[in-house]
Amino acid sequence: SKVGCRRISGIPITAGNELDCEFTKPTKPAPANVYITGYDAIPVSATDHIFEVVAQNPSTVTPQVIVEMYAGSWHQNPTDHTWWERNYGRDYFHINPLQTDQTVDAVAGTTPALSSTTINTASTITFSVTLTFSLAINDVVVFKLDPAWQMPTDSTLVCTDGTNAGSCHTIHTVNWLVFRVLVAIPAGATTFIMGNPGSPELTNPIYVNNFASEMEIWVSDRSKRKITFDVINSLQPGTLTTTLAQTDANAQINQDTHVRFVFTITPTVSITTQIKRIKLIVAVEVQAAYDCQVTSGIKAWTYRALSCDVVLNTGTNEHEITIHDFENFAGPTAIIEVTLLLPKATGNTSEFRTYTYFSDNENQLVEQQITGGPTITVDDPIMFNQLVLEHPASSVFDRRIEVNTYCELLVRMQPRIALPAIKGKIQVEIPNDFGVPSGGQLLCYFMDDWKGTKVKASHCEIIPSNSEDHLLIVYTP
């Protein structure tokens, strides 16, 4: 009752069209039929024209099942939709039904070995198998690989049982390597080598699963036996590079201050366009991270913006920056800006860590930088000779300090170092109990009490927060 079909090679089909599979299941003993339509006329050619039909195996063991393959000119009556045939050829395939045997000890002690444990590189897989039965000529061993494996073409695939060559081919739609026995194999320890050891033909997956992934081996002598084991996780993810710089060269890297940083993430794999998710783990000493922006290297979807989220992992107390929901990694590097509240203590932070993923989840890891990542060196703060925060009294502009009303803030300070023009920056943390005005214009001035002058700041902004203190940033005139 389960059927599907697809065009494998050599079948002409108009662009945009798809094959149509029609399945009929008449009353037994009449045979079931699969009709494939939707392709263009097939010319006379020496080239193989290949269809693939997927059908459910028989549910009971029978001595023999015959599949008749017809190729020729078939037509459908437009009135009653019956089919008739013209100019067909026929072939017979004798199928020995597979019967599931759940006793996995039929193949015991199986271990895989890879000639390369690096993702996206050519590899040969060696299987050491202990058979509890012998294999006769034309018996088969099916290696069902995880879909992540990139399969070779049949014309290049070489396989042996360690001593004698076998006849092997691939079924790409289900990632099967099929080994057909040409020389009988006795029971006992046997080594199957899939892929030429001198010139590896399989290509390792481009990611590493964060969960156990199965590989099945089906050894058939008119029955099926299956074992599973984890092999994907033996591959090592690549190593990317993350660097860190300040957006403002004049910014002071002092404790307990807000500084905006630029992270440049450079993958080393050749399949960067298939990266769909990036995660940056901020050093645990950093108090807060916010206002994440991707400035280049990531291609967003046409009709929606990409996501750059910052969350606090309460289990590790680390801030996690995640870039996701984008079309692809346009590279060669991704540049991300984020503002960090530096640690309260001076010294070096721990390393930042970076990960990239094959899909928009964290199950398929492509690369990681878990050591050697950037750090931040936090210096002692530069103290003021005097720093006083005042609310103007009622004698100033006749204002009074009342709850739930607007007021002005006056910061009196005597810095110990000169602040440069334009780029000199002052940060004032305002408790989040104070409301940030909505609308209107934020005005910030520098006043010289001695000279009686008042000059407007070159830049002034408030970054509001619901959980942390509001941050007032003022640049010198």
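Cys292 is buried in this predicted model, with a relative accessible area of 14%, where buried denotes under 20% relative accessible area, exposed over 50%, and partly exposed the range in between, as computed with a 1.4 Å probe on protein chains only. Its disulfide partner is Cys308, which is likewise classed as buried, at a relative accessible area of 17%. The S to S distance of this bond is 1.6 Å, a disulfide being defined as a pair of cysteine sulfur atoms within 2.5 Å.

The structure holds two disulfides. Besides the pair already described, Cys444 is joined to Cys460, with an S to S distance of 1.8 Å. This pair, too, links distant parts of the chain and is 16 residues apart, with Cys444 placed in the loop between strand S35 (425–430) and strand S36 (445–448), and Cys460 placed in strand S38 (residues 459–463). Cys444 counts as buried at 11% relative accessibility, and Cys460 counts as buried at 18%.

As to the overall architecture, the secondary structure comprises zero helices and 39 strands, with helices (H or I, at least four residues) and strands (E, at least two) taken as DSSP runs and numbered from the N terminus. Of the 477 residues in the protein, 34% are buried. Among contacts between residues at least 6 apart in sequence, 67% join residues at least 24 apart, a contact being defined by heavy atoms within 4.5 Å. The accessible surface of the protein amounts to about 27,400 Å², of which 51% belongs to carbon and sulfur atoms; accessible areas were computed by the Shrake-Rupley method with a 1.4 Å probe, and for residues only the protein chains shown count as cover.

Thr356 is located in strand S30 (residues 353–357) and is buried, with a relative accessible area of 0%. When residues up to four places away in sequence are not counted, Thr356 touches Leu240, Ile275, Arg277, Ile278, Gln364, Leu365, Val366 and Glu367.

Residues are numbered from 1 along each chain as its sequence is written, and side-chain values use heavy atoms, with hydrogens and water left out. Because the model is predicted, local features need pLDDT of at least 70 and side-chain atom pairs count only at pLDDT 80 or more, whereas totals for chains, interfaces and linings use all residues.
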